Amino acid sequence: TDENGIATFSRLPYGEVEVYEAETIVGYILNSEPKTVTVGTEVQELAFENDPKINASVTLTKIDSFKKDLKLAGAEFKLQRKDTDGTYKNVNEKGEWLAAGATPITFTTSDQESMLGTIYLNELKLGDYQFVEVKTPTGYKFGTEQSYTFTLNADNTEETLTVENSKVCSAFEIMVQQGGTP
């Protein structure tokens, strides 16, 4: 291609021709899907789109809503990326859409000391995402929100989210005996 990304071919024989991208520029992912065009008397145009080769990352940390320094293991989330139609669809750890009807992948906050209470994904495609909490840590309840959105783009390739859960409280009764001692 030229400096504008355009390649021109002339004097091709009439009929069907398969065109594929053999090489791409540095920093972009090769589009390996071939395209078929019918060569005739009319000018034909084809477009190959390439995604930037940028690995973006997100760190989600789950904490206790009262004791903010207490990180919580065992929370489960599914990850979704916004499609061109504006809806969020389930994706894998690289931000690639799952097949329609596939069981969503759940990501669990770690119980390992060095990563306690966190989910870390570092090979995501650029785009708009949301984590949807599907299970709370044992003894905790869902917060007022269960989905947490974030955007990864060329200007923001590292995102950090902090999500809180509150403990489930049980009611109890204290009876005071005569003399003021429980």
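Strands here are DSSP runs of E with at least two residues, helices are H or I runs of at least four residues, and both are numbered from the N terminus. By that count, Asn153 sits in the loop between β10 (147-152) and β11 (158-167). What you're looking at is a predicted model, where local features need pLDDT of at least 70, side-chain atom pairs count only at pLDDT 80 or more, and totals for chains, interfaces and linings use all residues. Residues are numbered from 1 along each chain as its sequence is written, and side-chain values use heavy atoms, with hydrogens and water left out.

**Overall build**

- The protein chain has eleven strands and zero helices, so its pattern along the sequence is simply β-β-β-β-β-β-β-β-β-β-β, with strands as DSSP runs.
- The radius of gyration of the protein chain is 26 Å, while a compact globule of 182 residues would come in near 16 Å; the radius is taken over C-alpha atoms, and the globule rule is 2.2 Å times the number of residues to the power 0.38.
- Along its principal axes, the C-alpha trace spans about 105 × 30 × 25 Å.
- Of contacts (heavy atoms within 4.5 Å) between residues at least 6 apart in sequence, 59% join residues at least 24 apart.

**Surface and charge**

- Buried residues account for 26% of the 182 in the protein chain; buried means under 20% relative accessible area, exposed means over 50%, and partly exposed is in between (1.4 Å probe, protein chains only).
- The protein chain exposes about 13100 Å², with carbon and sulfur atoms supplying 49% of it; the areas come from the Shrake-Rupley method with a 1.4 Å probe, and for residues only the protein chains shown count as cover.
- There are 16 positive and 29 negative side chains, and the centres of the two sets lie 8 Å apart.
- For that tally, Lys and Arg are positive, Asp and Glu are negative, and His and the chain ends are not counted; each charge is placed at NZ of Lys, CZ of Arg, CG of Asp or CD of Glu.

- Lys62 lies in β3 (residues 56-64), and it counts as buried because its relative accessible area is 0%.
- The side chain of Lys62 makes a polar contact with the side chain of Glu133 at 2.8 Å; such a contact is a pair of N or O atoms within 3.5 Å, where within protein one must be able to donate a hydrogen and the other to accept it, and residues adjacent in sequence count only if both atoms are side-chain atoms.
- Beyond four places in sequence, Lys62 touches several residues, including Leu70, Phe77, Thr109, Gly117 and Val163.
- Leu60 is also found in β3 and is buried, with 0% relative accessible area.
- Neighbours within four places aside, the contacts of Leu60 include Phe77, Thr109, Gly117, Phe131 and Val163.
- Leu60 and Val19 are 41 residues apart in sequence and 42 Å apart in space, C-alpha to C-alpha.

- Arg11 has a positive phi of about 60° although it is not a glycine.
- Arg11 lies in the segment before β1 (15-19) and counts as exposed at 83% relative accessibility.
- Asn90 belongs to β5 (residues 88-90), and its side chain is joined to that of Gln80 by a polar contact of 3.0 Å.

- Asn153 counts as partly exposed because its relative accessibility is 31%.
- A polar atom of the Asn153 side chain lies 2.9 Å from the backbone nitrogen of Asp155 and one lies 2.8 Å from the backbone nitrogen of Asn156.
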